[in-house]
Amino acid sequence: MGVSRSRGAAVRLAITAAAVAAALLLLAARPSDAAAGPLSCGATITRDTTLHADLSCAGTALRIGADRVALDLDGHVVESVCTEADCSASIGIDNSGGYDRVRITDGSVRGVQYGILLVDAGRNRLLRLDVSGGGYERAASSAIRLEESNRNRVAGSDLDGGDPGLQLSGSSRNVIVHNSIAAGIDIHNGDGVRIEDGSSRNRIEDNEISGLWLGVVAAGSNRNLIASNDVSAYADALVVGRSARTRIADNELDSSQGRSIYATAVTRSEIVANGDGAILIDGDRNVVARNRASGGPFASVALEVAGGERNVIRRNLARYGYLDAEILVRAAATRALLAGNTATGAPQSEPIADADGIRVEAPGTIIRRNRAIDNADLGIDAVPGVIDGGGNRAGGNLNPLQCVNVVCGPIG
């Protein structure tokens, strides 16, 4: 009986080994996408695929057709060209079918309308890509557009062209990091990044962004982080409107003809440690702190509180206001706090017609521990009814009064 059982086990082992070998042979015989011939224009990617040659198409070049697929461009170009009046179908890679956990890496993608389009797609990864979109005067085109798409990541990529270069519309919790984004479709026409239509909790961080008009726009969208970017634009570098709890921090901002930050109808937001250029804030219960703000011929106030209530303006360095002031609190602002700011005029050798260091037009504003130095008129010019919190200092201002309606000690 022992010999019989041994022979039975040996037979079963042999059958199992044969079955495994047959299965392996069958798998080896099946062609894989990576080993397949060149993809054709308009192909739909439904499994992991490696591109083996450049692909140039009229109309959409490639479509994503399944969740959890990886498309490795392997250094090649996927291109959609269009010579017709209507180029709306000119998309390099189209994931408008809403497929999740797709990975597109390591190559170039070009489209006239969009380089890459995601609609209702989640947890995609767009990595190490060179993406372009937007033909000449092609409005509403983008290198990458995310529409109703959440938790995606765009990283280590170069985006070029479009208006805007990167669009987030109704898309939340996306991470946009370590990219170079250069947008525009015509002279002074094209924004770098737009975050709109209820896009929330996105992270825009450590990018180089330039726009032929605006740099970054966040409108009607809450709780976004815009941090540690290098942003340049012809007009305003960073624009925020109708938004709450936005954090704008540690950005280097350069505006040729506008402000570095223009924030209106914002609530409970933070503008912290940014430089350089002019800042305007209008909204309620915001904090503007530790920024380097400077005026210029196209923005006559370095740091302006245009309206709203209970805004906190503290520990900012404001320089070189033209005609108006370094720091200005308009009459429409209520119950603001100015604390620990420094307002410095232009060096006398420079032909800059700045005026007061700090001008407060709103009664009820609290002014404490500010410094005003070397301004063309008063150090602090406050209307009656301001609240003198003490500790303010002024020196070197051309008006011998130095301050009115607050007491200013000498500069130590």
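Biologist: Which residues does Ile 144 touch, not counting residues up to four places away in sequence?
Modeller: This is a predicted model, in which local features need pLDDT of at least 70, side-chain atom pairs count only at pLDDT 80 or more, and totals for chains, interfaces and linings use all residues. Residues are numbered from 1 along each chain as its sequence is written, and side-chain values use heavy atoms, with hydrogens and water left out. If contact is taken to mean heavy atoms within 4.5 Å, and residues up to four places away in sequence are not counted, Ile 144 touches Ile 116, Leu 126, Val 131, Val 154, Leu 159, Gly 165, Leu 166 and Gln 167.

Biologist: Which residues of the largest nonpolar core touch the most other members?
Modeller: A nonpolar core is a set of buried Ala, Val, Leu, Ile, Met, Phe, Trp, Tyr and Cys residues joined through side-chain atoms within 4.5 Å, where buried means under 20% relative accessible area, exposed over 50% and partly exposed in between, with a 1.4 Å probe and protein chains only. In soluble globular proteins, nonpolar side chains tend to be buried together. Here the largest such core has 74 residues, and the members that touch the most others are Ile 93, Ile 116 and Ile 144.

Biologist: Which backbone nitrogens lie at 3.2 Å and 2.9 Å from a polar atom of the side chain of Asn 392?
Modeller: Asn 392 is placed in strand β43 (residues 392-395), and because its relative accessibility is 2%, Asn 392 counts as buried. A polar contact is a pair of N or O atoms within 3.5 Å; within protein, one must be able to donate a hydrogen and the other to accept it, and residues adjacent in sequence count only if both atoms are side-chain atoms. At 3.2 Å from a polar atom of the Asn 392 side chain is the backbone nitrogen of Arg 369, and at 2.9 Å is that of Asn 370.

Biologist: Which backbone oxygen does the side chain of Thr 60 reach at 3.0 Å?
Modeller: Thr 60 lies in the loop between β3 (55-58) and β4 (62-64), and counts as buried because its relative accessibility is 10%. Leaving aside residues up to four places away in sequence, Thr 60 touches Gly 42, Ser 80, Ala 89, Ile 91 and Asp 94. The backbone oxygen reached by the Thr 60 side chain belongs to Ala 89.

Biologist: Is Ser 157 buried or exposed?
Modeller: Ser 157 lies in the loop between β12 (153-155) and β13 (158-160), where its contacts beyond four places in sequence include Leu 126, Arg 128, His 178 and Asn 179. Because its relative accessibility is 3%, Ser 157 counts as buried.

Biologist: Which residue is joined to Asp 163 by a cis peptide bond?
Modeller: Most residues other than glycine have a negative phi, and most peptide bonds are trans. In the loop between β13 and β14 (166-169), another cis bond, with omega about 5°, joins Asp 163 to Pro 164.

Biologist: What is the phi of Asp 206?
Modeller: Asp 206 lies in the loop between β18 (203-205) and β19 (208-211), and at 36% relative accessibility Asp 206 counts as partly exposed. His 178, in the loop between β15 (175-177) and β16, has a positive phi near 60°. For Asp 206, a residue other than glycine, phi is also positive, and its value is near 60°.

Key:
Helices (H or I, at least four residues) and strands (E, at least two) are DSSP runs, numbered from the N terminus.
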